[in-house]
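Dear colleague,

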Amino acid sequence: MSTTTIPLQLSRKDFVSDQTVRWCPGCGDYSILAQVQKTLPDLGVPRENIVFISGIGCSSRFPYYMNTYGIHSIHGRAPTLATGLAITNPDLSVWVITGDGDGLSIGGNHLLHAMRRNVNLNIILFNNRVYGLTKGQYSPTSRQGHKSKSSPMGSIEQPINPVAVALASEATFVARSLDAHTNHLGEILAAAAAHKGVSFIEVYQNCVIFNPNEWGPLEDRRDRDDYIIYLEDGKPMIFGKNLDKGIRLNKRFEPEVVTLGDDYTAEDLIVYDPKSKALALMISSMEYPAFPAPMGIIRQVEKPTYTEGLMAQIEAAQAQRGKGDLNKLYRAADLWTVEEHEVEADVAGEVSAELDDEYMATMDEVKVDTASMRGLLADTPITVLEPHAPIEVEASTSLAKAVRQMNAHNIGCLLVTDESDRLVGIFTERDVLTRVAGLVDDLATAKISEYMTPNPITMKRDMPIAQALNLMSVHGFRHIPLVDNENRAEGVISFRDVVHYLQGNLANN
């Protein structure tokens, strides 16, 4: 018996939610929403497998207006949530909706890493070059000199170029479109959805309230062809209503606008190639109004996705070591058992009076003169601690032998020396717990040089105990090696040695 797959019969209406759309009249967000809803039915993806995730801003209301799953997250963190979702369920079509303020200020770091990892996401960045939701402050993409409530004398900052950021982050699909050019925007959205890996789309739009003339004639369909260059794979970079202008490289290898005619023909122009990163970076530098605004797919290459790489590593690890056992992992290092100690209370629900008596007795003990103790530690050299003779091993010693040495001598550290007996490292019980236990399969073949702490902090015998305590406190050490003037090991002191010395000093006084 044969079965056939019935294609999904979805329309734009299927993706329209029951929520009232609330943007300012004339806002370009309406156009972007309409084109997304128009594009999704052609993807053949069920609504329950589509997720829209946004941050904070006017654009971030988007998930409410889509009849799909959605997450309205916190400021700038939409790429982070989307990354986790795309990895845990690769079958989903995940869309990130952000703005120039949300995505390039507090969210800049999250956006950058989502793109460099090539997570399978579709990122749409609405760029109106202003903070619209919070009433018109200048944003990371605002032009220098832009006057707003937060920059009354004009912004003095260099604006961020979103496309250049995406290219620098090695995004595998980078494109740009315009909210008012609905057909073009729809084509770009469809191409982005079909791309395997991260897709980044910058959408130019005006803020009709706080920045209504940002993109000027680009928004006017009567004149926009003179101010926009549409990128087409394998074709020369020609633009203009009459297709009489183009972009060529001059002698300084910089793009320049030329008029086609007697001096220049189409053969003199740059031929667009979306696989060329160098060309993409050059195109990103062509900013309106100095150049026609490049629209279309600026770069598109195929690379393994983050999820593919991650799953391949997991499969390789499982093939080598078997499936993970969390309980076994917890028990891979040294363990100890905390024994339960019950105290019977005289009255149910109250703490034993014996504990109170014990506590008060402790409080009544004679206080230690800490000032004199500090003076003692500052004036007393390390040599009075009678440092232990060092147990030395060579850097080529195996971990198995090193651990046997520590167990045989009941010590917490080994000093690692070179052929000239000079100290090159220290290997401690802490290294065993944090770098070896549960992580190294064969202790007999692993060398101590790979897991020791190289070039450790050292001291001389005549230095004060106070200085040793300070180093232990600052660096979290329990052991400090002692060396001579030629960096040869002379001994080891531990925190326990200092405690024993202090206890003996207190007992004698």
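Predicted model: local features only at pLDDT ≥ 70, side-chain atom pairs only at ≥ 80, totals over all residues.

Residues are numbered from 1 along each chain as its sequence is written, and side-chain values use heavy atoms, with hydrogens and water left out.

A salt bridge here is a side-chain nitrogen of Lys or Arg within 4 Å of a carboxyl oxygen of Asp or Glu, and the count by this rule is 18. One of them joins Arg143 and Glu214, at 2.6 Å from N to O, and this pair links parts of the chain that are 71 residues apart. Arg143 is partly exposed at 27% relative accessibility, whereas Glu214 is buried at 8% (buried means under 20% relative accessible area, exposed over 50%, partly exposed in between, with a 1.4 Å probe and protein chains only).

Strand 9 (residues 245-249) and strand 10 (residues 255-259) pair in the antiparallel sense over five bridges, where pairing requires at least two bridges found by DSSP, and strands are DSSP runs of E with at least two residues, helices runs of H or I with at least four, numbered from the N terminus.

In helix 13 (residues 429-436), Asp431, Val432 and Val436 are buried. The buried residues of helix 13 fall within an arc of 105 degrees, so they line one face of the helix; the arc is taken from the directions from the helix axis to the C-beta atoms.
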